[in-house]
Amino acid sequence: MNDVKIIFFDVDGTLIDMEKKQISEQMLATLRALKEQNIILCIATGRSPIALPQFDGLTFDAFLTFNGSYCFNQKESIYKNPIPQNDVEQIVENAKALNRPVAIATSKQTITNGNDADLAEYFSFAHQPVIVSEDFDATIQNEEIFQLMLGARKEEYAEVMAHTTASKITAWWDRAVDIIPTSSGKGTGIKKMLEYYGFDKSQAIAFGDGNNDIEMLEAVGWGLAMDNASEDLKEIADEVIGHVAEEGIYHYCLANGLIEKQPQL
């Protein structure tokens with residue numbers, strides 16, 4: 001762990017306990033201590049740029065949003081890959097047949113054509129309102145759409161994606177899906193980030209908990225799954241660490257020399 005230059009963190013279920021829906025003081029102190037070691041900290045999330053968490057006294061260096069479809073840092077855009085418009089329109093039609101409202105996300109806004117219990121709770125994890133907009137159809141026609149979100153169970157996935165050609169589902173929760181371009185994913189975003197910074201994958205580690213983190217853990221030198229992670233993620237992880245509610249990342253970083261001592265809260 002002596003040559004770690006960059007760390008990728010999923011948000012919900014990794015940095016933030018999904019039960020408490022907020023980051024702990026111990027986790028914040030750990031992140032600050034990692035920055036003191038000149039390690040680049042990157043959020044890697046399914047969230048949009050406008051739904052990124054804001055942490056007191058801490059600024060992340062880079063951001064991998066929409067599960068890798070839109071990546072940027074404090075200076076500039078690094079990579080973007082919108083969903084083809086014909087797939088967006090098809091998924092909206094498929095969802096309508098399932099009586100499911102859809103959220104569409106551009107780099108600047110997320111709006112929906114309706115609401116239901118699953119979508120509302122999905123948005124609540126990021127403390128975001130569900131914004132039902134009359135501009136929904138016009139936005140699809142005139143803006144780049146990086147991600148679609150809707151409530152769906154696994155048995156509905158095939159119907160949601162019927163007749164699409166260049167999109168795929170990635171999910172971190174069993175009641176909703178994120179839909180991104182087939183050529184995207186957290187793994188793709190990480191490769192673009194490593195190219196941008198000039199790092200080898202051996203100099204990168206990642207922490208995650210959901211199935212949308214599988215590609216992320218495979219794209220770095222050492223992939224770490226939380227104890228609360230999905231079984232699928234644990235199976236491919238290089239190591240399973242402590243539970244998010246038990247400060248798993250802090251204990252791992254301390255035990256492996258990524259931080260030198262217990263950080264002050």
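Glu-121 is partly exposed, at 31% relative accessible area (partly exposed lies between buried, under 20%, and exposed, over 50%, with a 1.4 Å probe and protein chains only). This is a predicted model, in which local features need pLDDT of at least 70 and side-chain atom pairs count only at pLDDT 80 or more, while totals for chains, interfaces and linings use all residues. Residues are numbered from 1 along each chain as its sequence is written, and side-chain values use heavy atoms, with hydrogens and water left out.

Let's look at the salt bridges (a side-chain nitrogen of Lys or Arg within 4 Å of a carboxyl oxygen of Asp or Glu). The structure holds 14 of these salt bridges, and here are some of them.

| Salt bridge | N to O distance |
|---|---|
| Asp-10 and Lys-186 | 3.0 Å |
| Arg-175 and Glu-121 | 3.0 Å |
| Lys-168 and Glu-215 | 3.1 Å |

Arg-175 sits in the loop between E11 and E12 and Glu-121 in helix H3, so this pair ties together parts 54 residues apart in sequence. Helices (H or I, at least four residues) and strands (E, at least two) are DSSP runs, numbered from the N terminus. Both Arg-175 and Glu-121 belong to a network of salt bridges with shared partners, which also joins Arg-100, Asp-116, Asp-118, Arg-153 and Glu-156.

Asp-10 and Lys-186 are both buried. In helix H3 (residues 117–124), the buried residues are Asp-118, Leu-119, Tyr-122 and Phe-123. They span an arc of only 130 degrees around the axis, which puts them on the same side of H3; the arc is that of the directions from the helix axis to the C-beta atoms.
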